[in-house]
Amino acid sequence: PVLVVDFGAQYAQLIARRVREAGVYSEIVPHSITAEEVAAKNPTGIVLSGGPSSVYEEGAPALDSKIFDLGVPTMGICYGFQVMAQSLGGEVAHSGLREYGSTGATITGDGGTLLAGQPTDQTVWMSHGDQVSKAPEGFEVLASTGSTAVAAFGNDERKLYGVQWHPEVKHSAHGQAVLENFLHRAAGIPADWNPGNVIAEQVDNIRAQVGSARVICGLSGGVDSAVAAALVHKAVGDQLVCVFVDHGLLRQDERRQVEEDYVASTGVRLVTVDAREQFLTALAGVTDPEQKRKIIGREFIRSFEQAEADLVREAQADGEPIRFLVQGTLYPDVVESGGGTGTANIKSHHNVGGLPEDLQFELVEPLRTLFKDEVRAIGSELGLPDVIVQRQPFPGPGLGIRIVGEVTAERLELLKKADSIVREELTAAGLDREIWQCPVVLLADVRSVGVQGDGRTYGHPIVLRPVSSEDAMTADWTRLPYDLLARISNRITNEVDGVNRVVLDVTSKPPGTIEWE
Ligand code: XMP
């Protein structure tokens, strides 16, 4: 693998993704890794990430400098560039000046191996206070900016390189090409990481892990569990059985998509648990959002465990016990839980993937090394339908947290209709990829006066919450075209009984969260 050394902040994940986009498998490692540990991983290359610190700060994240002597091609980015300069006898100056944002850079000469083929003048994305004032001996300066004399350097003999800017962000016009020059030209790593290879490798891993035992998987209708199960099915066929809990809080057509489209494209064996009544009963009279979330999470586990117990009994009678549980854990979850940074509990999230860690099963996690966009690519490669592979995020507690007020069967019906109109219109307008998601919320405890035909109405408002986001941590409200909003509003007020008003949520996150509850 190519190791991406993490010096803090979110830079490392983005770099790891870009390396993979260049067709090279990457893994994130902490900066505390030793040269021996690096050598043991037998990396084909190393990228040192940026980070929020100054190399002069007390406690600034350091790197075992013996790593530079391993003979592994290494590239430093921003803070990683400065760490490399300092370790190898160059100079880093604490100028007190900050260079931040889009900056003009000028390539020196032909740019060397790292910047070969790049336009002499280009826009790069900078974010630094310190700067490399002198390159280490034996290093060639490859670029400069107005205020930074050494903005990139390289040493072909030792295969060590660095750039002050952030090639991993899209604002750096030729950033991806810098990474690709490093990976393919300098380090000589072929571009052979692609969905087909990932599938073949995972199928082998799953077979080796599972043997002839049976496997169980909870499907949510979302991308991750769908792709994880499809991979496991490809590996072990009908040793896998999937359980889908219909909690009645799904959107229109979702159950059918899982039961028909997904099953037809994968051939998995599926057991649906119809728990609609059970959930409605448990939610009766409840209006508090956190309480709703807890109840939905609890009931979900109950229904899953019931189905599980039946299947376990059945398998036991068959002589081939269920020993494994599939989970759709993704690489960012793995990295983030390893990072151990405690974040405040804003909402108690419930994931269908996040089933109880039932000790009776061993986990199969075929997506553990993958980013979301890779999971989608693999899903497509496996032949899953677009409605599932390209699905936007949808919360585990479903429509239950999009009804402000008590959840009832009638309200769910009403919200499903409004939601399906919104989805239809957004799809027709070609905006599915542009917006991150668009929760549709029913304010069940609010009524307002309206007029329809000749009569007075006293109905509920529907809130549209279209948002644009990269990762759901922050979001902005999406500026949907007015005529689209008009069409949605007309259709909802005409087609959905009980709704006489449509309003638009124009709050970013923060301060608003994406969901209303
Ligand atoms: P918030 O409302 O916290 O949502 O801004 C951030 C993202 O998470 C989704 N979401 C959930 N996803 N289980 C999930 O799997 C949950 O309990 C849950 N709650 C919110 C939300 O749709 C958005 O994409």
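Colleague: Which residues does UniProt list for "active site"?
Modeller: A word on the source before the names: this is a predicted model, and the annotation comes from an unreviewed UniProt entry. That entry lists Cys-78, His-166 and Glu-168. They are spread over 91 residues of sequence, yet they cluster in space, with a largest C-alpha distance of 10.8 Å.

Colleague: Let me take His-166 from that list. Where is its place, and is His-166 buried or exposed?
Modeller: For the place, look at the elements on either side: His-166 sits in the loop between strand E11 (160–163) and helix H4 (175–186). For burial, count neighbours; 20 or more other C-beta atoms within 10 Å make a residue buried. His-166 counts as buried because it has 23 C-beta neighbours inside 10 Å.

Colleague: Which residues does His-166 touch, leaving out those up to four places away in sequence?
Modeller: Its contacts are Gly-50, Ile-77, Cys-78, Trp-125, Ser-127 and Ser-172. Notice Cys-78 there, which is also on the UniProt list.

Colleague: And Glu-168: where is it found, and why does it count as buried?
Modeller: Glu-168 is also in the loop between E11 and H4. The count is again the reason: Glu-168 has 27 C-beta neighbours inside 10 Å, so it is classed as buried. Leaving out residues up to four places away in sequence, Glu-168 touches Tyr-11, Leu-14, Ile-15, Arg-18 and Gly-175.

Colleague: Now for the whole chain. Into which domains is it divided?
Modeller: The division gives domain 1 (2–186), domain 2 (195–389) and domain 3 (402–504). To read a pair of domains, look at their centres and then at their contact. The centres of domain 2 and domain 3, taken over C-alpha atoms, are 29 Å apart. Eight residues from domain 2 and eight residues from domain 3 make the contact. On the domain 2 side, three of these residues are nonpolar, four polar and one charged.

Colleague: What about a pair of helices: at what angle do the axes of H8 and H9 cross?
Modeller: For helices, read the angle, the handedness and then the residues that touch. The axes of H8 (residues 276–283) and H9 (residues 289–318) come within 10 Å and cross at roughly 150 degrees. The crossing is right-handed. H8 contributes Gln-278, Phe-279, Ala-282 and Leu-283 to the contact, and H9 contributes Lys-292, Ile-295, Ile-296, Glu-299 and Ser-303.

Colleague: How many residues of each class does that contact have?
Modeller: The contact of H8 with H9 has five nonpolar, two polar and two charged residues.

Terms used: Residues numbered from 1 in each chain as written. Predicted model: local features only at pLDDT ≥ 70, side-chain atom pairs only at ≥ 80, totals over all residues. Domains from an automatic or database assignment. Contact = placed C-beta atoms within 7 Å. Nonpolar A, V, L, I, M, F, W, Y, C, P; charged D, E, K, R; others polar. UniProt positions renumbered as here; feature names shortened; annotations may be inferred. Helix = DSSP H or I, 4+ residues; strand = E, 2+ residues; numbered from the N terminus. Buried ≥ 20, exposed ≤ 12 C-beta atoms within 10 Å, placed from the backbone. Axes fitted to C-alpha atoms, helices over the stretch in contact; angles between N-to-C directions. Left-handed = near helix turned anticlockwise from the far one by under 90°.
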